[in-house]
Amino acid sequence: MPGPSACTCRRGPHGFRVGEGRNQAAARAIDAGAELLVFLDVDCLPGPALLAGYRAAAHAHPEALLAGAVTYLASVQRPEQAADLPFLTRPHRARPALPPGETRAATASEYNLFWSLSFAVTPATWYRIGGFHPGYEGYGAEDTDLAWTARANDVEMRWVGGADAYHQWHPVSSPPWQHLDAILRNGGTFAERWGTWPMGGWLEAFAAAGAIERRGEGWVRVG
């Protein structure tokens, strides 16, 4: 991985290189002596126990990819201080939510539920995974790719109770029309690497709206 002086992740021709930016940030943290890497998206707030929860889980399971729960805040929920956050906790129902202090190994299929907006890993395990694949630009698929790479390298993923993050509200669309081209491009990259397309629900929604269609093993824009 590049050292601190090389941490200059430039925007690619198709958008931000999110995974490569995280790779370079990890390299800087490791170079500075970090014993644990904690990743949090810019639109997420760390709960008051997030760091302690990840530290405890890493101490017990240093070779695991650690994933804490995420609460998606509603538009009217505007916490002003960290002490307000626990009262707003409502982990997303798509993923397991454990009591504080508990962890559970993910099943093979649950690697599909990994979200890179909040996770932690020791430097040794980060190197074992190899970081994010640099071939993704713009929105989508880089986090699923990381999880599948971890699984392919026999890295256990564990759900971590109590390491709560809070995604701040902002306008979104479902499916995310503003990211259609990025989803097709990054989905194709993922399919080339893994033999299957990610983000199937969104692809089906785009297809139902007449924006894309299946051609052979891939998806393309129509109209």
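Biologist: Where does Arg-221 lie?

Modeller: Arg-221 lies in strand E8, residues 218-221; helices (H or I, at least four residues) and strands (E, at least two) are DSSP runs, numbered from the N terminus. This is a predicted model, in which local features need pLDDT of at least 70, side-chain atom pairs count only at pLDDT 80 or more, and totals for chains, interfaces and linings use all residues. Residues are numbered from 1 along each chain as its sequence is written, and side-chain values use heavy atoms, with hydrogens and water left out.

Biologist: Which residues does Arg-221 touch, not counting residues up to four places away in sequence?

Modeller: With that exclusion, Arg-221 touches Leu-180, Asp-181, Leu-184, Ala-211 and Ile-212, where contact means heavy atoms within 4.5 Å. The side chains of Arg-221 and Asp-181 also make a polar contact at 2.6 Å. A polar contact is a pair of N or O atoms within 3.5 Å; within protein, one must be able to donate a hydrogen and the other to accept it, and residues adjacent in sequence count only if both atoms are side-chain atoms.

Biologist: How about Thr-122: buried or exposed?

Modeller: Thr-122 is buried, with a relative accessible area of 13%; buried means under 20%, exposed over 50%, and partly exposed in between (1.4 Å probe, protein chains only). Thr-122 sits in the loop between E5 and helix H3 (123-129), and its side chain makes a polar contact with that of Thr-125 (3.0 Å).

Biologist: What covers the faces of E5?

Modeller: Both faces of strand E5 (residues 118-121) are covered: Ser-118 and Ala-120 on one side, and Phe-119 and Val-121 on the other, are all buried. Val-38 stands opposite Ala-120 in E5.

Biologist: Changing topic, which residues are closest to the centre of the largest pocket?

Modeller: The largest pocket holds about 1,400 Å³ of space. Of its 37 lining residues, Tyr-72, Leu-117, Tyr-139, His-167 and Trp-202 are the closest to the centre. On a 1 Å grid over the protein atoms alone, a pocket is an open set of points where a 1.4 Å probe fits, with protein on both sides within 12 Å along at least five of seven lines; lining residues have an atom within 4 Å of a point. Grid points are joined across faces, edges and corners, and a volume is the space filled by probe spheres set on the points.

Biologist: Which helix gives the largest share of the lining?

Modeller: H4 does, with three residues.

Definitions and conventions: Two strands pair if DSSP finds at least two bridges between them.
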